[in-house]
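Hi,

Here is the structure I promised to pass on.

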Amino acid sequence: METKDKNIKVTIPASALVKVGMENENELQVKVRNGTLVLQKEGHAHPLRQKYLVIWPLIVSLSAGIASLIYWLVRGMFQIPLTGDESVASLTITIGVVTGTVLFMGFFIRNRNDPNNNFSSRIYWRNFPVITIAFMMILAIVLLGTFWVFGSLFPDATFDPFTSFLLTSIFMFFANAFMILAAFKINARTLSTILSVVIISGVVISMASNGRRRWWEYNLSFLGTKNAQQSWQFNVTLIFSALLMIALIDYLFVSLEEIYKDAPRRRLNLLRFLLTLTALDFGAVGLFPNNANFHSLHDAVAGALVTLLVILIIGIRWLLPTISRDFLRLSYGVAVALLVLEMGFRIFMYPSLTAFEIQAFAIAFGWLLLLFSKIQIMINEGPKTYKAQIEKNKN
């Protein structure tokens with residue numbers, strides 16, 4: 001049985017419509033999304049149109065697939081292995097990462113000029129290479145992992161040139177579509193997620209590759225020394241994560257200062273300075289490994305990192321406007337947890353140095369991510385609340 005919806009009149013302050021650029025609209029579309037009402041312009045077109053997510057990846061993927069087919073025929077290869085030096089996997093990963101990165105850069109720049117986009121337009125150009133490299137790394141890891149699985153399932157599989165062409169084109173299509181989607185959908189939450197993925201995956205890979213060397217018998221910093229296997233992975237992870245953190249801090253505070261114009265600028269600038277200094281110090285831990293040449297400097301920057309985090313946790317109450325009591329309690333709880341770990345290690349030698357470093361890092365890094373999330377929520381909600389009057393139509 002169908003029921004007719006009753007009309008409800010909603011009065012919205014004009015200043016709210018001006019803020020989102022809808023002051024000249026006569027009619028607005030109303031959508032229900034995740035339990036909330038969303039107002040948008042009549043006939044508002046989402047930027048992710050079909051030609052971007054289908055046509056562009058299809059053109060690029062077919063072109064790359066044809067180039068691969070020609071390469072195999074010229075080389076006289078009539079049975080192409082799935083994995084190996086000259087295989088479906090090697091060409092897909094190499095060409096897919098290149099074309100995917102180019103498409104990401106092009107659509108990110110295009111999206112940056114979109115007046116309806118709030119994220120890309122607030123990203124400084126100096127941070128653009130870091131964000132691009134981050135997505136390039138993620139795409140490469142995904143493709144490597146995918147073909148590692150297929151290679152394990154079908155270790156001796158080979159295909160004729162046409163089948164190889166189809167496989168290469170299909171994999172490249174999804175890789176390119178993923179990068180275009182990322183260029184449109186990237187926001188502060190995505191950047192925080194990427195930061196977490198990069199640092200966790202980099203550290204875990206370093207741990208796994210040094211399992212036979214029993215790195216845990218030394219300390220976490222052992223992974224970045226010359227005694228470790230492929231120590232550059234651990235150090236580059238720290239440096240690159242620091243650059244990602246700086247990019248995220250830049251965006252958050254540019255947006256925060258635009259919205260909270262009446263907030264004390266000195267406090268926001270000091271918080272931004274401390275967070276940026278923390279990110280730089282974090283990168284310096286990877287830049288100066290714990291070896292004979294840089295041992296003293298490594299210990300100095302590592303100690304400074306702890307000091308900066310303590311200053312941030314204690315001072316967040318005064319540095320960040322409209323901070324909630326719940327977050328303050330959480331921050332003080334983090335400070336107590338770090339103090340207990342420090343006292344336990346220094347006095348009772350429990351936990352071990354490696355366990356102490358891992359636990360302290362996890363707690364401190366988690367708090368930083370929560371702080372970034374809190375700032376993003378403040379940006380989304382803004383300092384002002386608008387009241388809307390609802391009047392039910394009795395007809």
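Below is what turned up when I went through the model.

First, the ground rules. This is a predicted model, so local features need pLDDT of at least 70 and side-chain atom pairs count only at pLDDT 80 or more, while totals for chains, interfaces and linings use all residues. Residues are numbered from 1 along each chain as its sequence is written, and side-chain values use heavy atoms, with hydrogens and water left out.

**Overall**

The protein has 11 helices and six strands (DSSP runs numbered from the N terminus, helices being H or I with at least four residues and strands E with at least two). Of its 395 residues, 43% are buried; buried means under 20% relative accessible area, exposed over 50%, and partly exposed in between, with a 1.4 Å probe and protein chains only. Among contacts (heavy atoms within 4.5 Å) between residues at least 6 apart in sequence, 71% join residues at least 24 apart.

**The core**

The largest nonpolar core holds 95 residues, and those with the most contacts inside it are Leu244, Leu252, Phe253, Leu256, Leu275 and Leu320. Helix H7 (residues 231-259) gives the largest share of this core, 14 residues. By nonpolar core I mean buried Ala, Val, Leu, Ile, Met, Phe, Trp, Tyr and Cys residues joined through side-chain atoms within 4.5 Å. Not counting residues up to four places away in sequence, Leu320 touches Leu256, Leu268, Leu271, Leu371, Lys374, Ile375 and Met378.

H7 also carries Asn235, which is buried at 11% relative accessible area. Leaving aside neighbours within four places in sequence, Asn235 contacts Gly224, Gly286 and Pro289.

Helix H4 (residues 128-153) has 26 residues and should span 38 Å at 1.5 Å a residue; its end C-alpha atoms are 38 Å apart, which agrees. (The expected span is 1.5 Å times one less than the number of residues.) Its buried residues, among them Phe128, Phe135 and Phe147, pack against helices H3 (88-112), H5 (161-185), H6 (188-209) and H7.

**Salt bridges**

A search of the whole structure gives five salt bridges, counting a side-chain nitrogen of Lys or Arg within 4 Å of a carboxyl oxygen of Asp or Glu. Here are some of them:

- Arg272 pairs with Asp250, with the closest N and O atoms 2.9 Å apart. Arg272 sits in helix H8 (residues 265-287) and Asp250 in H7, so the pair ties together parts 22 residues apart in sequence. Both residues are buried.
- Arg329 and Asp326 meet at 2.9 Å, N to O. They are three residues apart in helix H10 (residues 325-348), which puts about one helical turn between them. Arg329 is exposed at 54%, and Asp326 is exposed at 57%.
- Glu86 and Arg75 also meet at 2.9 Å, N to O. Glu86 counts as partly exposed at 30% relative accessibility, and Arg75 as partly exposed at 49%.

Most residues other than glycine have a negative phi. Arg214 lies in the loop between H6 and H7 and is partly exposed, at 42% relative accessible area.

Cheers
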